[in-house]
Amino acid sequence: MRVRVWVFVLGLLIFNLLRLMASLMPRILVTNDDGIHSAGIIALAEALDSLGEVLVVAPAHEMSAASHSLTLTRPLRIEKIDDRHFSVDGTPTDCVTLAMNHLLKDDLPAIVVSGINKGGNLGDDVTYSGTVAGALEASIYGLPGIAMSLVQRTNFDFTQAAEFACELVRRVLGAGLPRGTLLNVNVPPGPIRGVQVTRQGTKILRPTIIEGTDPRQRKYYWIGEESLTWNEEEGTDYEALRHGVVSITPLKNDLTDYRALEEFKQRDWDIVLETQSK
Ligand code: MN
């Protein structure tokens, strides 16, 4: 009888200890814009598994260059793949929105990590990026957000980028990020040779429009890009990649141009009043 009581007490103790350990493991929301089946998100989720409870909520299909768009003109469907994987037939922002307000609303994540994207998100491209938007949406909820991209065009090997993501997430979970800040991280292929904290660069892009004719003899136009000239100014994300090191750019959703703000305040805006008085 006494033995039974002890076994019961011990069992209860172990049960509560396990529950406590589970509650100490942070929830990590993982999303991307290449789609839930992309090798980049699979490598990322696997790497982060040692840090906490990883939940993947990602687009069912590729949504690259979806930017920060939210789907409002049609309903969204969530497909539960297993307890930790959910696909959404929408954008990365749709995914984070559904995760924060529906799927994970009773036990919110501590951090959102987006990626690992197939290809860089550097300079002006940041504004088109669905990968960055996933982390940006997190920052709007006051959560730390990290966008991860592998700067490579073919033969993607996410091993080192995933290991780097794990180490970075561990540090951000420990030290936090300023509220509203997200990190845009671009990793060169191969071994990690160093890290540079950078500002967003600009690119002189040359879009090429591929013109063709569809099977029904209608013309179509496909936006491509060609012979890009990088702006490799000192301190930019492009420069870090040129040196073969990881670029970490802190970003904010606040797009205000603070340098222009004061100058614009000094200008004469009476024209606005004149228009109103008519
Ligand atoms: Mn992508």
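Let me begin with a term: a residue is called buried if 20 or more other C-beta atoms lie within 10 Å of its own, exposed if 12 or fewer, and partly exposed in between, with the C-beta atoms placed from the backbone. What you see above is a predicted model, in which local features need pLDDT of at least 70 and side-chain atom pairs count only at pLDDT 80 or more, while totals for chains, interfaces and linings use all residues. Residues are numbered from 1 along each chain as its sequence is written.

By that cut-off, 35% of the 278 residues of the chain count as buried. The C-alpha atoms fill a box of roughly 90 × 55 × 45 Å, taken along the principal axes. The chain has 8 helices and 13 strands, where helices (H or I, at least four residues) and strands (E, at least two) are DSSP runs numbered from the N terminus.

Let me turn to the sheet. It is an open sheet of 9 strands with mixed pairing, in the order S3-S4-S2-S1-S5-S6-S7-S13-S8, and two strands are said to pair if DSSP finds at least two bridges between them. Its edge strands, each pairing on one side only, are S3 (78-82) and S8 (195-197). From one strand to the next the twist averages 20°.

Aspartate 82 has its place in strand S3. Is this aspartate 82 buried or exposed? Aspartate 82 is exposed, because 7 other C-beta atoms lie within 10 Å. Aspartate 82 and valine 56 are 26 residues apart in sequence, and their C-alpha atoms are 9.9 Å apart in space.

Helix H2 lies across S1 (27-31), S2, S5 (111-118) and S6 (145-150), running at about 140° to S5, while helix H5, residues 159-175, lies across S1, S5, S6, S7 (181-187) and S13 (246-252), at about 160° to S5. Here axes are lines fitted to C-alpha atoms, for helices over the stretch in contact, and angles run from 0 to 180 degrees between N-to-C directions. H2 and H5 pack at an angle of about 45°, with their axes 9 Å apart. They are therefore oblique to each other, the word for angles left over once under 35 degrees is taken as roughly parallel, over 145 as roughly antiparallel and 65 to 115 as roughly perpendicular. Ala43, Leu44, Glu46, Ala47 and Leu48 in H2 meet Ala162, Glu163, Ala165, Cys166 and Val169 in H5, a contact being two C-beta atoms, placed from the backbone, within 7 Å.

Several of these names return in the largest nonpolar core, which has 54 residues, and in which Val30, Leu44, Leu48, Val56, Val113, Met148 and Ala165 have the most contacts. Helix H2, residues 39-48, gives the most to this core, with 6 residues. Such a core is a set of buried Ala, Val, Leu, Ile, Met, Phe, Trp, Tyr and Cys residues joined through C-beta atoms within 7 Å. Leaving aside neighbours within four places in sequence, the contacts of methionine 148 include Leu44, Val113, Ala165 and Val187.

Finally, helix H4, residues 130-140, is mostly covered, with 10 of its 11 residues buried. Those buried are Gly130, Thr131, Val132, Ala133, Gly134, Ala135, Leu136, Glu137, Ala138 and Ser139. Their cover includes S1, helix H3 (92-103), S5, S6 and S7. Just after H4, glycine 142 takes a positive phi of about 80°.
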